[in-house]
Every structure is written in C-alpha cells, then in structure tokens.
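Open the model in your viewer and keep the selection panel at hand. The tour moves by selection, one stop at a time.

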Amino acid sequence: MIDNCSKLLGGTVSRALDDILRQPAELTAIIGRLIANNGAAIEQAARSFDDTSPILVVGMGSSYNAAMAVAALFQMAGSVALALEASELLHFWQIPDGINVMILSRSGKSIEIVQLIDRLADLNARTVAVTNTPDSPLAQGARTVVHLGAAFDHNVSFTMYSGLALAGGLIAARHAGKSLDQLSKGIVAGLNDAQRRLSQWQRSLDGHAWTRQSGPTYFLARGPSLASCHEARLLWEEAGKSPAAALSTGGFRHGSQEIVKPGLRIGLWLDADVLALADRQLISDLRAEGALVMCIGPKLEAVSADLKLETGSMPPGWQFLVDILPAQLAAERVAIEKKEDPDKFRYCAPIVQEEAGLRGGRQRS
C-alpha cells in the first residue's frame with residue numbers, strides 16, 4: 001500500500017516507486033529460487049573458485065556497486081577479494097591465467113562485459129556469472145551461471161542491483177562454508193521487517209527539509225554499506241539528474257570535510273558496532289556547522305541526525321541489502337521534488353553496448 005504516492009508531472013505514480021516497493025518480496029522470491037534443490041547453482045559457483053588465487057568481483061554501474069558488497073562479504077570471511085569495474089580490468093590489467101572472477105551483470109550484454117568474458121576464456125579463468133539474462137553473451141561464456149529469474153526494473157536498477165548483490169553474497173557465504181538454509185532465514189526475516197518499514201520511511205521523507213534541500217550532496221558509509229553509499233550516489237545521478245559524491249566515512253575525514261558549510265546535504269550509514277560512537281560525533285559536528293544530515297542504520301535512538309531512517313537487524317555483513325531501500329526512496333522523492341522524471345534517461349542507454357560517446361548505446365527498442 002502506497003501511503004504517499006510520488007506523482008510525476010502527468011499525475012501518475014512513478015514506476016521507480018513501484019519497483020522500490022516490490023523489492024523485499026522480489027528479493028525473497030530470488031532467495032527461494034536460489035536455495036531450491038539444495039542451492040545447487042550457488043554450491044557449484046562457490047566450489048568453482050581456486051582458494052590459492054584472489055577473487056575479483058566485477059561489474060559496471062550499479063552492478064559494480066553490488067560487487068562492493070559481495071567483495072566485502074568475501075573479505076569478512078577471510079578470502080582475498082577485490083571489487084573492480086569491468087572496464088578497468090579489461091583495459092588496464094595484465095590478468096593472470098586461471099584467475100577467479102565473479103561477474104555481476106543484469107543483462108550480460110554491456111560492451112565491457114562482453115569483451116571481458118571473451119578475454120577471460122582465453123586465460124582459462126574460473127568465471128562465475130551472476131545475471132538475469134541466461135541467454136546473454138556473459139552467461140554463454142562463463143563456466144558457471146547463477147540466474148536470478150526476477151522481473152526487470154522499469155529502467156533504473158533497484159531490484160536488479162540488490163538481486164545481484166544478494167546472489168553474489170550467497171556465493172560468498174557458501175564459499176566460506178556457511179549454511180544457506182540458516183542464512184536465508186535471517187535474510188528473509190530482515191526483508192520482511194524492511195517491508196513493514198517502507199511506509200514509515202516514506203512518511204519520514206515526504207516533505208522533509210532534507211529532501212527539499214538544493215545544495216550539494218555527499219554520501220558516507222563504512223564496510224559493506226559502502227555499496228549502498230555508492231549506489232545512492234548513482235541513483236542521485238540516474239533518477240534525480242543531480243551531482244553527488246560517495247566516500248568512505250573515514251576517507252571523508254582526511255581532507256574532504258573541508259567542503260562542509262551550511263546547506264551541505266549528508267547521507268550517512270551508521271554501523272551498529274563499528275565506530276558507531278565516532279560517527280555519532282561526526283554527525284553532531286556536521287550539524288553544528290550547518291549541514292543537514294540523514295542517517296540510515298539500526299539502533300538510531302541516540303543519534304542526533306536531522307532525518308533518521310532506522311533499519312532492523314540482518315545477519316552480520318548483510319545490512320547493505322536493506323539499508324539501500326531508504327536511500328532508494330529518498331532518491332525517488334528528491335527527483336519528484338525537483339520535477340525530474342525518475343523513470344526516464346536523457347542520455348544513458350538501458351544497456352551500454354558501445355564504448356564511445358555520451359549515449360554509449362544502440363537504438364533503444
């Protein structure tokens with residue numbers, strides 16, 4: 001049920017909002033499909049990596065942001081893993097033979113992905129594809145394929161971003177020897193809790209000064225929530241047609257805080273356990289300097305932010321799967337406030353199939 005409908009100029013509810021609101025249910029369905037048959041696809045993917053070699057988690061755009069969350073889960077479990085843009089890996093790396101590579105791509109057709117999978121085949125790489133398009137060049141060229149089987153978003157990636165991160169995270173968990181059955185129960189419980197909080201988040205955002213602020217926007221986070229931070233920055237650009245910056249909270253404090261002045265809009269993800277007191281002090285200091293701070297995370301009772309969007313509990317390391325939801329709602333709301341259409345791209349192709357130019361895609365179908 002949509003409590004506060006986001007209206008476009010023509011008076012209709014945005015498709016973006018519809019995609020966001022269906023996300024918890026869609027992610028729960030993805031989990032059900034992936035753990036069916038004893039999680040055969042996840043098990044195969046988890047077993048395909050050579051433990052003597054690093055794991056490269058690769059994507060472009062929102063898929064690269066999802067790769068940040070997946071790489072963080074590998075790292076937390078003790079594996080050496082890196083999140084990389086496919087374009088950088090393709091054009092600037094001397095890729096070792098037999099390297100472990102997980103490629104995240106909703107379409108499996110982006111130009112960088114298509115070229116990369118061909119190159120990896122020549123290098124005998126251990127490739128795992130996580131995609132929503134099982135007949136794509138990526139899926140056809142990878143050794144192992146994990147298929148989401150989900151409905152595509154209307155345009156901007158909401159469920160596709162989270163779905164790729166979810167599937168990649170399950171592979172990371174199984175690679176570390178964790179039980180998918182036990183983990184999935186915790187994730188589904190967290191998604192159900194997020195579903196119940198959606199209308200509350202909408203009411204908090206609707207008409208709030210933070211969504212109406214017209215100044216520059218910075219997003220800050222730590223650990224796996226860095227994926228949410230960078231994805232929020234992308235959503236600001238894709239849906240809201242507005243510039244934004246994304247940094248680690250620690251990195252922000254090493255010089256970037258010099259941009260703080262009245263009117264600055266800050267979105268900050270707070271970890272319940274890691275440096276929570278230090279980040280609460282940062283929030284207080286930012287507000288004292290005139291910045292407007294939105295805080296997302298669990299257990300926010302003692303936090304003095306201008307806007308608090310509290311999330312529930314998730315299994316360790318998995319907070320990113322629900323703490324992106326309030327940011328997605330915020331991006332859609334800000335687009336509506338600015339009279340921008342979050343359902344349409346002005347320049348970006350749905351699938352980038354060419355390297356050159358601003359639009360970078362073929363004729364849209």
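The stops below cover the nonpolar cores, a helix pair and a strand pair in this predicted model.

Start with M102, V130, I171, I187 and W318. These residues have the most contacts inside the largest nonpolar core, which has 80 residues. Next select residues 159-175, helix α7: this helix supplies ten residues, the largest share of that core.

Leaving aside residues up to four places away in sequence, I187 touches I31, L166, L170, M314, P315, W318 and L321. Then select V58, A86, L116 and L123, which are among the 19 residues of a second, separate core.

Now show helix α2 (residues 23-47) together with helix α8 (residues 180-205). Their axes come within 9 Å and cross at roughly 175°. The cut-off for roughly antiparallel is over 145 degrees, so α2 is roughly antiparallel to α8.

Which residues meet here? On the α2 side, select P24, A25, L27, T28, I31, I35, G39 and I42; on the α8 side, select L180, S184, I187, V188, L191, Q195 and L198. Counted by class, this contact has eleven nonpolar residues, four polar ones and no charged ones.

Last, select strand β9 (residues 292-298) and strand β10. The two run parallel and are joined by five bridges. Colour β10 (residues 307-311) by face: L307, L309 and T311 lie on the covered face, K308 and E310 on the uncovered one. In a regular strand, side chains alternate between the two faces of the sheet.

Notes. Residues numbered from 1 in each chain as written. Predicted model: local features only at pLDDT ≥ 70, side-chain atom pairs only at ≥ 80, totals over all residues. Heavy atoms only, no water. Core = buried A, V, L, I, M, F, W, Y, C linked by side-chain atoms within 4.5 Å. Buried < 20%, exposed > 50% of the residue type's maximum accessible area, 1.4 Å probe, protein only. Helix = DSSP H or I, 4+ residues; strand = E, 2+ residues; numbered from the N terminus. Contact = heavy atoms within 4.5 Å. Axes fitted to C-alpha atoms, helices over the stretch in contact; angles between N-to-C directions. Parallel < 35°, antiparallel > 145°, perpendicular 65-115°, else oblique. Nonpolar A, V, L, I, M, F, W, Y, C, P; charged D, E, K, R; others polar. Pairing = 2+ DSSP bridges.
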